[in-house]
Structures are given as C-alpha cells and as structure tokens.
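This briefing goes through a few local features of the structure shown below, grouped by topic.

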Amino acid sequence: MIAEQRFQQAAEKVKSGLSKRPSDNELLDLYGLFKQATVGDVDTPKPGALDLKGKYKWESWEKNKGMTKEQAMEKYISLVEELVAKYA
C-alpha cells in the first residue's frame, strides 16, 4: 500500500478510531505533521500573541520545516498507530 493511502487511513483513524481524546501536545504533533504532509513547509506568518491556539498550531507545524511530505506522512502514520494503541 502506498504512503498516501496509509496516510489517509491514519487520518480517518484519528477522526473515528480513538475512544479517548489525546493530550493537547499529541494533538499538536498530529496537526503539525498533517500540515507538513499535506501543504509542506509553513507558508503563513506566525499568529499574534493574542491568538494562543493559532500560535501553538503554527509552532507545531514550523518545527517540521524542511521535512519532506513523505517523511511527514510516515511520522504521522507512526504517531497515529501509537495513539490508537494508547487510546483505542
């Protein structure tokens, strides 16, 4: 199975396959890897200090800068598998 198909399946597992909500840091890691895998390097300016949620999401995406989309997909898939084992 190619990486993109496995990536899409992992994204679906996150939406429906977890019985408990992952921690905020785990969700931020998922978000950053998802954005890197689907968009590539961060392409928006960092949100202002008053937008805390946006700032944390932006920083999570930014820390993956330089990672290829394929690498981000593989890391995302691995993280989802860990979370499914932990929260399913």
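Asn64 is buried in this predicted model, because its relative accessible area of 8% falls under the 20% cut-off. Asn64 sits in the loop between α3 and α4. Leaving aside neighbours within four places in sequence, Asn64 is in contact with Gly32, Leu33, Gln36 and Asp41.

**Helix α2**

- Helix α2 covers residues 24–38, and its 15 residues should span 21 Å at 1.5 Å a residue.
- Glu26, Leu30, Gly32, Leu33, Gln36 and Ala37 are the buried residues of α2.
- They lie on the same side of α2, because the arc they cover around the axis is only 165 degrees.
- An α-helix has 3.6 residues a turn, so residues three or four places apart point the same way.
- The packing partners of the buried α2 residues are α1 (3–16), α3 (52–62) and α4 (69–87).

**Helices α1 and α4**

- Two packed helices are described by the angle between their axes and the distance between the axes.
- For α1 and α4, the axes come within 9 Å and cross at roughly 35 degrees.
- This crossing of α1 and α4 is left-handed.
- On the α1 side, the contact involves Ala3, Glu4, Arg6, Phe7, Ala10, Ala11, Lys13 and Val14.
- On the α4 side, Met73, Glu74, Tyr76, Ile77, Val80 and Val84 meet them.
- The residues of the contact of α1 with α4 comprise ten nonpolar, four charged and no polar.

How values were computed:
Residues are numbered from 1 along each chain as its sequence is written. This is a predicted model: local features need pLDDT of at least 70, side-chain atom pairs count only at pLDDT 80 or more; totals for chains, interfaces and linings use all residues. Side-chain values use heavy atoms; hydrogens and water are left out. Helices (H or I, at least four residues) and strands (E, at least two) are DSSP runs, numbered from the N terminus. The expected span of a helix is 1.5 Å times one less than its number of residues. Buried means under 20% relative accessible area, exposed over 50%, partly exposed in between (1.4 Å probe, protein chains only). The arc is that of the directions from the helix axis to the C-beta atoms. Contact means heavy atoms within 4.5 Å. Axes are lines fitted to C-alpha atoms, for helices over the stretch in contact, and angles run from 0 to 180 degrees between N-to-C directions. A crossing is left-handed if the near helix is turned anticlockwise from the far one by less than a right angle, and right-handed if clockwise. Ala, Val, Leu, Ile, Met, Phe, Trp, Tyr, Cys and Pro count as nonpolar, Asp, Glu, Lys and Arg as charged, and the others, Gly among them, as polar.
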